[in-house]
Amino acid sequence: MEQDPNAHPASLWADLGRQIWSRNTPGGSCASCHSEPEKMAGVAAKFPTLDPSTCAPRNLGDQIRRCRCRQKLTDEGPESENVLALNAMLVKLSAGMKVAPFILPGREKDLEVYRFASQARYFKRMGCINLSCAQCHDGAVGAKLRNDNVSPTYTKGFPIYRLELQGMGSIERRLRACYFGVQAAVPEPGSLVLRQLEIYLSEHARGMPLDGPALRR
């Protein structure tokens with residue numbers, strides 16, 4: 001199903017993203033700033049990055065939400081249908097391109113701070129089950145967890161369509177679900193903890209081809 005655009009449910013979200021791209025808003029359409037969607041090919045492969053003004057971590061969903069606020073639209077949150085649809089379309093346009101999170105010139109030291117913090121978090125045991133991310137997604141890749149396989153820590157397929165949820169989901173939702181799974185305190189959406197982990201996971205996938213939006217059970 002993932003290889004067939006006519007069978008892959010995420011294609012519906014990517015098609016919706018194209019409609020939203022040309023939709024007029026009080027602040028103009030996406031196309032009025034960025035031209036046709038094809039001009040954005042490769043953009044998705046450069047996220048997450050650091051905000052040029054604050055140097056805080058920023059992923060593609062954050063950027064989409066920021067642009068929609070500039071269009072004078074209400075912020076709908078990271079898991080809204082519109083944000084995920086635009087995300088899916090941009091990732092699909094960049095499919096096959098190498099993951100290369102953008103490093104701001106002159107901000108290499110700031111990025112290293114986030115990398116160090118995220119690496120420490122990735123290997124830290126947490127929750128009532130006392131597991132770290134690494135124990136599952138490095139040490140048990142391919143093993144069975146209930147009725148599914150433990151996957152490696154690559155972000156190159158997000159956003160993904162989950163059959164069990166009948167909808168699209170971001171990497172942020174997946175990370176929060178993992179916190180819930182090990183019975184740890186679940187970070188708030190958009191929290192620094194989640195962005196730190198996403199930076200680390202994206203560095204794992206650096207140089208690999210982007211292949212989202214993916215399909216999972």
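Reader: Of the contacts in the protein chain between residues at least 6 apart in sequence, what share join residues at least 24 apart?
Author: The share is 65%, where contact means heavy atoms within 4.5 Å. This is a predicted model, in which local features need pLDDT of at least 70 and side-chain atom pairs count only at pLDDT 80 or more, while totals for chains, interfaces and linings use all residues. Residues are numbered from 1 along each chain as its sequence is written, and side-chain values use heavy atoms, with hydrogens and water left out.

Reader: Okay, and how many helices and strands does the protein chain have?
Author: The protein chain has 8 helices and 7 strands, these being DSSP runs numbered from the N terminus (H or I with at least four residues for helices, E with at least two for strands).

Reader: What radius of gyration does the protein chain have, and what would a compact globule have?
Author: With 217 residues, a compact globule would have a radius of gyration near 17 Å, and the 17 Å of the protein chain agrees with that; the radius is taken over C-alpha atoms, and the globule rule is 2.2 Å times the number of residues to the power 0.38. Along the principal axes, the C-alpha atoms fill a box of roughly 50 × 45 × 30 Å.

Reader: What percentage of the residues is buried?
Author: Buried residues make up 45% of the 217, where buried means under 20% relative accessible area, exposed means over 50%, and partly exposed lies in between (1.4 Å probe, protein chains only).

Reader: Switching to rings, how many aromatic pairs are there?
Author: The count comes to 3 aromatic pairs, with rings of Phe, Tyr and Trp (its six-membered ring) pairing if their centres lie within 6.5 Å, and with planes under 30 degrees apart called stacked, over 60 edge-to-face and the rest tilted. The pair of Tyr 122 and Tyr 200 is tilted, because the ring centres are 4.8 Å apart and the planes stand at 45 degrees. That pair links distant parts of the chain, since Tyr 122 belongs to helix α5 (residues 108–123) and Tyr 200 to helix α8 (residues 192–204), 78 residues apart. Ring pairs also join Tyr 122, Phe 123 and Tyr 200 into a cluster.

Reader: And does Tyr 122 count as buried or exposed?
Author: Tyr 122 counts as buried at 1% relative accessibility, and Tyr 200 counts as buried at 12%.

Reader: Where does Asn 82 lie, and which residues does Asn 82 touch?
Author: Asn 82 lies in helix α4 (residues 81–93) and is buried, with a relative accessible area of 16%. Not counting residues up to four places away in sequence, Asn 82 touches Ile 20, Arg 23, Arg 68 and Glu 76.

Reader: What about Leu 104, where is that?
Author: Leu 104 lies in the loop between α4 and α5, and is buried with a relative accessible area of 11%. Leaving aside neighbours within four places in sequence, Leu 104 is in contact with Leu 50, Asp 51 and Pro 52.
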